[in-house]
Amino acid sequence: MFKNKKLILITILAVFLLILTACGNKAEELPQAKDTAFLMDTLVQMQAHGENAEVAVEESMERIREIENLMSKTIKSSDIYELNHNPKTKIQISQASMAVLKKALEYAKMTDGSFDPTIGALVELWGIGTEDAAVPTQSEIEKALSNTGYQYLKLYENSAKITNPGVKIDLGGIAKGYAAEEVKDVVQKHGIQHAFVNLGGNVLVIGNKVDGSPWKIGIQDPREGRGNVMAIVDAVDSTIVTSGNYERYFEENGKLYHHIINPETGYPARNNLLSASIISENSFDADALSTAVYVMGLEKGMNFIESLENVEVMFITEKLDVYLSSGLKDIIEITDSDFNIIEGESFAN
Ligand code: ADP
Ligand code: MG
């Protein structure tokens, strides 16, 4: 059941290997700092180059820990725990939680509820990633579905309320993106021009590499147990966030049940996709978008991304077909010949 930890480690290593080759001669002139920690339920890895690199990395990790303490569903003093355990009550929340809840509602509306921060009852019912993961009964699913819906979350100036008992907020699909953007603020405040942070496959790079060339971010092979990179993206001041069915899942009777739930059906989203990766400038948006388009599926998700500016997407199907949005073709290199880029507008599966 805890295969996911191994896979996360592999992702991190894959990204890291590429970034290690990043250091040219000039890198030796700039002080460098790095750190790794298990935060927000995932492995967080960070590196910065510059005069204040050490303090920037330290403060960034501290900031991620603060965010976890505010937004975790399980930490009893968190804003989200308080909200979830006091329905029908206005709860004062931090500015950070407010920013994330606001953005989450924005994306819920924009995606017709494909992204839904009130997915918590269903997430708890399925228990994916825990020892208790099991396929629920249909009546359990229906009950949890009746406790899902972003209309049950109300936001006020500095407080929030759940209007229906049983509804639970879950920010697992967006909080890491917020944290990555907070890291960007922290390092920029310290004048750092070259850095990256990787929150379990949610990667953000700041500036370019010390030698002036773009960072090279490896995208992990989404097939189970493969630790290799299947594509490389040149990245400057940008983010790559992937949602996939291989990160947290269990199998029952030969069927795979993963951690991204379709709020309409109450079941893990099923659409022949292994993964959806968003490439853009802002990790906060990219995180919500990656979860949303994974739920939407290839055709709807692609059309949605093409309607947005400065956001790109790569979908990988179970057949290992790769679909790229229009702005991605020039900056991505598929390095594993098992994967086939499908050109044109055909989404036939
Ligand atoms: P990861 O957190 O593994 O990087 P995602 O960003 O796609 O991947 O987030 C998945 C998490 O988001 C789930 O573990 C759950 O907490 C939450 N989630 C699941 N389904 C949805 C959904 N339809 N909308 C919003 N959040 C979701
Ligand atoms: Mg996400």
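Author: Asp170 counts as buried, because its relative accessibility is 11%. Please keep in mind that this is a predicted model.

Reader: Where does Asp170 lie?
Author: Asp170 belongs to the loop between β5 (159–162) and α7 (175–189).

Reader: And what does the side chain of Asp170 contact?
Author: The side chain of Asp170 makes a polar contact with the side chain of Lys73, at 2.9 Å. The side chain of Asp170 also reaches the backbone nitrogen of Gly172, at 2.7 Å.

Reader: Let us turn to ligand 1. How many residues surround ligand 1, and which are the closest?
Author: Ligand 1 is surrounded by 18 residues, and the closest are Asp170, Lys176, Ser243, Glu247 and Ile261.

Reader: What classes of residue make up the shell around ligand 1?
Author: Seven residues of that shell are nonpolar, six are polar and five are charged.

Reader: Which element gives the most to the shell?
Author: Helix α8 gives the most to the shell around ligand 1, with three residues. In terms of domains, the shell draws at least three residues from each of domain 1 (5–67 + 174–343) and domain 2 (75–162).

Reader: Which polar atoms of the protein are found by the nitrogen atoms of ligand 1?
Author: A polar backbone atom of Ser114 is 3.0 Å from a nitrogen atom of ligand 1. A polar backbone atom of Asp116 is 2.9 Å from a nitrogen atom of ligand 1.

Reader: What about an oxygen atom of ligand 1?
Author: An oxygen atom of ligand 1 is 2.5 Å from an N or O atom in the side chain of Ser243. Taken alone, ligand 1 exposes 560 Å², and the protein buries 93% of that.

Reader: Now the metal. What coordinates the magnesium ion, ligand 2?
Author: The magnesium ion (ligand 2) is coordinated by Gly173 (O), Asp287 (O), Asp287 (OD) and Thr291 (OG1), at 2.1 to 2.6 Å. Along the chain, these donors follow the spacing G-x113-D-x3-T.

Reader: How are Asp287 and Thr291 placed in the helix?
Author: Both lie in helix α8 (residues 283–296), four residues apart, which is about one turn of the helix.

Reader: Are Asp287 and Thr291 buried or exposed?
Author: Asp287 counts as buried because its relative accessibility is 5%. Thr291 is also buried, with a relative accessible area of 15%.

Reader: A change of topic: which residue has a positive phi although it is not a glycine?
Author: Asp112 is one of them, with a positive phi of about 55°. Most residues other than glycine have a negative phi. Asn253 has a positive phi too, of about 45°, and is not a glycine either.

Reader: Where are Asp112 and Asn253 placed?
Author: Asp112 is in the loop between α4 and α5, and Asn253 is in the loop between β11 (249–252) and β12 (255–258).

Reader: Are they buried or exposed?
Author: Asp112 is exposed, with a relative accessible area of 63%. Asn253 is exposed as well, at 77%.

Reader: One last residue. Where is Gly113 found, and is it buried or exposed?
Author: Gly113 is found in the loop between α4 (95–110) and α5 (120–126). Gly113 counts as buried, since its relative accessibility is 10%. The C-alpha atoms of Gly113 and Tyr150 are separated by 7.4 Å, while the two residues are 37 residues apart along the chain.

Methods. Residues are numbered from 1 along each chain as its sequence is written. Chains are lettered from A and ligands numbered from 1 in the order in which they are written. This is a predicted model: local features need pLDDT of at least 70, side-chain atom pairs count only at pLDDT 80 or more; totals for chains, interfaces and linings use all residues. Side-chain values use heavy atoms; hydrogens and water are left out. Donors are N, O and S atoms within 2.8 Å of the metal (3.2 Å for Na, K and Ca); water is not among the atoms, so sites may look incomplete. Helices (H or I, at least four residues) and strands (E, at least two) are DSSP runs, numbered from the N terminus. Buried means under 20% relative accessible area, exposed over 50%, partly exposed in between (1.4 Å probe, protein chains only). A residue is near a molecule or strand if one of its heavy atoms lies within 4 Å of it. A polar contact is a pair of N or O atoms within 3.5 Å; within protein, one must be able to donate a hydrogen and the other to accept it, and residues adjacent in sequence count only if both atoms are side-chain atoms. Accessible areas come from the Shrake-Rupley method with a 1.4 Å probe; for residues, only the protein chains shown count as cover. Ala, Val, Leu, Ile, Met, Phe, Trp, Tyr, Cys and Pro count as nonpolar, Asp, Glu, Lys and Arg as charged, and the others, Gly among them, as polar. Domain bounds come from an automatic or database domain assignment.
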